[in-house]
Structure formats: structure tokens, C-alpha cells
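This report describes a single model, moving from its strands to its helices and then to a few individual residues. Please keep the sequence and the coordinates at hand while reading.

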Amino acid sequence: TKVLFHLISAESDDPVRDYGIIRKELETYNPLLTKKTEFVFLTKADAVAPEEVKQKLQALKKKKLKPIPISILDDESMVEVKKILNEIKSAKLRKAQR
């Protein structure tokens with residue numbers, strides 16, 4: 001595993017806590033996993049009020065994260081995920097060609 005995607009629901013009452021739980025589980029399983037490149041996605045961004053999404057994103061940003069709000073109902077956010085996946089794929093191909 002080179003890259004980790006953390007999918008945290010916008011419906012969570014505390015996404016910062018949820019992220020902490022994920023990180024603790026990774027560290028317990030294998031501390032090297034906490035050194036991997038990671039992306040944090042706030043999923044189901046369409047399921048809560050925009051102001052609530054904004055507050056949750058801000059809380060995650062205070063932890064020095066760069067959360068990305070996504071929703072399968074929002075084509076623009078899905079394009080962003082696809083872009084990230086394509087960048088990962090391209091980097092892997094470049095590395096394989098060396």
C-alpha cells in the first residue's frame with residue numbers, strides 16, 4: 001500500500017475523532033502505515049447542510065489535514081477523486097518504467 005484514502009462521513013458528529021480512531025488503528029496494526037501518503041475525504045457531503053460541511057472541514061483543517069468534501073451526487077467532486085486516482089496511477093507507471 002502506497003496511498004491511503006480515509007473516507008469519513010459528513011454525517012458523523014465528530015469527524016476529527018473518527019480520523020483519530022482510524023490513525024490509532026493503523027498505528028496499532030502497523031506503525032509504518034501512518035507514514036503513508038493519505039487523502040481524507042468527507043463523504044456524503046450532500047447529506048448535511050452546507051454550513052455543517054464547512055464546519056467539519058474547518059475542524060479537520062485545524063488538524064493540519066486537507067479534507068476533500070465529496071458526494072456521488074456531485075459530479076465535480078467525483079472528477080476530483082478521479083484526478084487524484086489518475087495522478088497516483090501515472091506516478092506508479094512512471095516509477096515502473098524506470
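## Strand pairing and the sheet

Strand β1 (residues 3–9) pairs with β2 in the parallel sense over seven bridges, where two strands count as paired if DSSP finds at least two bridges between them. Helices and strands are DSSP runs numbered from the N terminus, a helix (H or I) having at least four residues and a strand (E) at least two.

## Basis of the model

The model is predicted, so that local features need pLDDT of at least 70 and side-chain atom pairs count only at pLDDT 80 or more, whereas totals for chains, interfaces and linings use all residues. Residues are numbered from 1 along each chain as its sequence is written, and side-chain values use heavy atoms, with hydrogens and water left out.

## Overall architecture

The protein chain has three helices and three strands, and from the N terminus on its elements run β-α-β-α-β-α. β1, helix α1 (residues 15–29) and β2 make a right-handed β-α-β unit; right-handed here means that, with the strands pointing away from the viewer, the path from the first strand over the helix to the second runs clockwise. The chain then crosses from β2 through α2 to β3, and this β-α-β crossover is right-handed as well.

Along its principal axes the C-alpha trace of the protein chain spans about 45 × 35 × 20 Å. Of its 98 residues, 30% count as buried, a term that stands for under 20% relative accessible area, with exposed meaning over 50% and partly exposed in between (1.4 Å probe, protein chains only). Among the contacts (heavy atoms within 4.5 Å) in the protein chain with a separation of 6 or more, 67% come from residues 24 or more positions apart.

## Helix α1 and its two faces

At 1.5 Å a residue, the 15 residues of α1 should span 21 Å, and its end C-alpha atoms are 21 Å apart, which agrees; the expected span is 1.5 Å times one less than the number of residues. Pro 15, Asp 18, Tyr 19 and Leu 26 are buried in α1. They cover an arc of only 100° around the axis, which puts them on the same side of α1, the arc being that of the directions from the helix axis to the C-beta atoms.

The buried residues of α1 pack against β1, β2 and α2. The face of α1 turned away from its buried side carries the exposed residues Lys 24 and Thr 28.

## Lys 56 in helix α2

Lys 56 lies in helix α2 and is buried, with a relative accessible area of 8%. Its side chain is joined to that of Glu 52 by a polar contact of 2.7 Å, a polar contact being a pair of N or O atoms within 3.5 Å; within protein, one must be able to donate a hydrogen and the other to accept it, and residues adjacent in sequence count only if both atoms are side-chain atoms. Not counting residues up to four places away in sequence, Lys 56 touches Ala 10, Glu 11, Ser 12, Pro 15 and Leu 42.

## Two buried loop residues

Val 48 has its place in the loop between β2 (37–43) and α2 (50–61), and at 14% relative accessibility it counts as buried. Leaving aside neighbours within four places in sequence, Val 48 is in contact with Ala 10, Glu 11 and Val 53.

Ser 71 is found in the loop between β3 (68–69) and α3 (75–97) and is buried, with a relative accessible area of 5%. Its side chain is joined to that of Asp 46 by a polar contact of 2.6 Å, and the side chain of Ser 71 also reaches the backbone nitrogen of Leu 73 at 3.0 Å. Neighbours within four places in sequence aside, Ser 71 is in contact with Ala 45, Asp 46, Ser 77 and Met 78. Val 48 and Ser 71 are 23 residues apart along the chain, and their C-alpha atoms are separated by 11 Å.
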